[in-house]
Amino acid sequence: MNPKLPEPEQLAAQVAAGSRPALATALNLLDDQRPAARRVAARVLGLLPRHGAARESQLIGITGPPGAGKSSLTSALIGVWRQRGQRVGVLAVDPSSPISGGALLGDRLRMKTGIDDDGVFIRSLACRGEHGGLSAEVWPMCLAMLASFDITVIETVGVGQSEIDIAQMSDTTCFVAQPGSGDSIQYLKAGIMEIPHVLVVNKADMGAAARKTAADLRAAASREHDANEWSAPILSVSATQGTGITRLVETLDAHHAWLAERQLIAVRRHRFQIEWVVKRLQQEFGSTGVGVLRAGRPNFDHLIKADDSPFEQYELLRQQLASRWNAA
Ligand SMILES: Nc1nc2c(ncn2[C@@H]2O[C@H](COP(=O)(O)OP(=O)(O)OP(=O)(O)O)[C@@H](O)[C@H]2O)c(=O)[nH]1
Ligand SMILES: [Mg+2]
């Protein structure tokens, strides 16, 4: 084994204890495609405490068009969460511009707090896949962050269909609208984009333009829904002036509690895990190839366990498929 690879038991324990250097090591390991590294990474993922075990950590996706203020809002949210003593990890996926990326988010926070806060971890990831989808490693990275922090945020730029990506990976999806830009609202209206759990109009300090966007959003998102469905609230905030942020935090909490009461958090994460494993298998064996694993069942739920390491599950199913392939 490569002597540079970390020792999985020790690394997993350090990540679970909230060590930021250990988490940085773990994220690098999850990104390392060498077979020996994949094996160690699979062990680490399998050893990390999962949902419901150590704590009820929150997984929040923040998406919206470029420049809507996602990073500024994340920074403002971190301010409130830190005051409550919660530890926060941020995965900024493909920061759209060098001036608003994860590095700047880090700088911004340091400027605000004056110190390098040990309760905040920020990592940027430049990794759109070839079809514009989120990189293959985002889900495993989320698992590592969830084991380490009370709150994990994934920030991604998205207009239209790419929001679907983040919805497939977060417990709570928060869409940030830019006053005066109607593209995403059109997608919502046309039903191309699933309604996020929380809709936010940022830059409320812009006045009339922000109010109009809020009204447009209200009209676009007002779909029929029955009483046991979550109805997405629409909030106006200003990340730079700090208005509406506490209410947004409370709304994010409310959605988390709503999911928890219905035991839906584990269900959602199980789904993300299945999607991750199946997508990787499909890349290798095609949809028909993967279809044989279903063995006539409607889905893959029986095959993929929520609590196991996604790498191990993938490897197991891959071997099953490969042996059938060779036998055929
Ligand atoms: N007036 C006003 N400007 C804001 C507000 N929030 C953010 N901005 C400004 O909007 C610009 C973009 O902010 P970011 O937080 O970098 O936006 P972003 O959505 O993360 O941008 P990308 O990651 O590049 O897509 C910056 O110049 C911010 O200062 C706000 O509440 N009011
Ligand atoms: Mg940003």
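**Notebook: metal site, sheet and helix packing**

I first looked up glutamate 155, which is buried at a relative accessible area of 8%. Here buried means under 20% relative accessible area, exposed over 50% and partly exposed in between, with a 1.4 Å probe and protein chains only. The model is predicted, so local features need pLDDT of at least 70 and side-chain atom pairs count only at pLDDT 80 or more, while totals for chains, interfaces and linings use all residues; side-chain values use heavy atoms, without hydrogens and water. Residues are numbered from 1 along each chain as its sequence is written, and chains are lettered from A and ligands numbered from 1 in the order in which they are written.

**Entry 1: the magnesium site**

Which protein atoms are donors of the magnesium ion (ligand 2)? I found Ser71 (OG) and Glu155 (OE), lying 2.1 to 2.2 Å from the ion. Donors are N, O and S atoms within 2.8 Å of the metal (3.2 Å for Na, K and Ca); water is not among the atoms, so sites may look incomplete. Serine 71 belongs to helix α4 (residues 70–83) and glutamate 155 to strand β4 (residues 151–157), so the pair ties together parts that are 84 residues apart in sequence. I noted that serine 71 is buried as well, with a relative accessible area of 5%.

**Entry 2: the chain as a whole**

I counted 12 helices and 7 strands in the protein chain. Helices (H or I, at least four residues) and strands (E, at least two) are DSSP runs, numbered from the N terminus. Of the 328 residues, 49% count as buried. Among contacts (heavy atoms within 4.5 Å) with a separation of 6 or more, 79% come from residues 24 or more positions apart.

**Entry 3: the sheet**

I traced an open sheet of 7 strands in the order β3-β2-β4-β1-β5-β6-β7, with parallel pairing. Two strands pair if DSSP finds at least two bridges between them. The edges are held by β3 (120–125) and β7 (234–236), each with a single partner strand, so one side of each lacks a neighbour in the sheet. On average, neighbouring strands are turned by 20 degrees against each other, direction ignored. Axes are lines fitted to C-alpha atoms, for helices over the stretch in contact, and angles run from 0 to 180 degrees between N-to-C directions.

Strand β2 (residues 88–93) runs parallel to β4 and is joined to β4 by 6 bridges. In this region valine 93 stands opposite threonine 156 of β4.

I then checked two helices against the sheet. Helix α4 lies across β1 (58–64), β2, β3, β4, β5 (172–177) and β6 (198–201), at about 170 degrees to β4. Helix α10 (residues 245–261) lies across β1, β5, β6 and β7, at about 150 degrees to β5.

**Entry 4: helix pairs**

How do α10 and α11 pack, and at what angle? Their axes are 6 Å apart, at an angle of about 90 degrees. The two helices are therefore roughly perpendicular; angles under 35 degrees count as roughly parallel, over 145 as roughly antiparallel, 65 to 115 as roughly perpendicular and the rest as oblique. The contact is made by His256, Trp258, Leu259 and Ala260 of α10 with Leu264, Ile265 and Arg268 of α11.

I next took α11 (residues 264–294) with α12 (residues 310–327), whose axes come within 9 Å and cross at roughly 5 degrees. That makes α11 roughly parallel to α12. Contact residues include Trp276 and Phe285 of α11 and Tyr314 and Trp325 of α12.

**Entry 5: helix α6 and single residues**

Helix α6 (residues 138–148) is mostly covered, 11 of its 11 residues being buried. Among them are Trp139, Met141 and Cys142.

Glutamine 263 has phi of about 55 degrees, in the loop between α10 and α11, and is exposed at 61%. Most residues other than glycine have a negative phi.

Last, I located glutamine 86 in the loop between α4 and β2. Glutamine 86 counts as buried at 18% relative accessibility. Leaving aside its neighbours within four places in sequence, glutamine 86 is in contact with Gln58, Trp81, Asp150 and Ile151.
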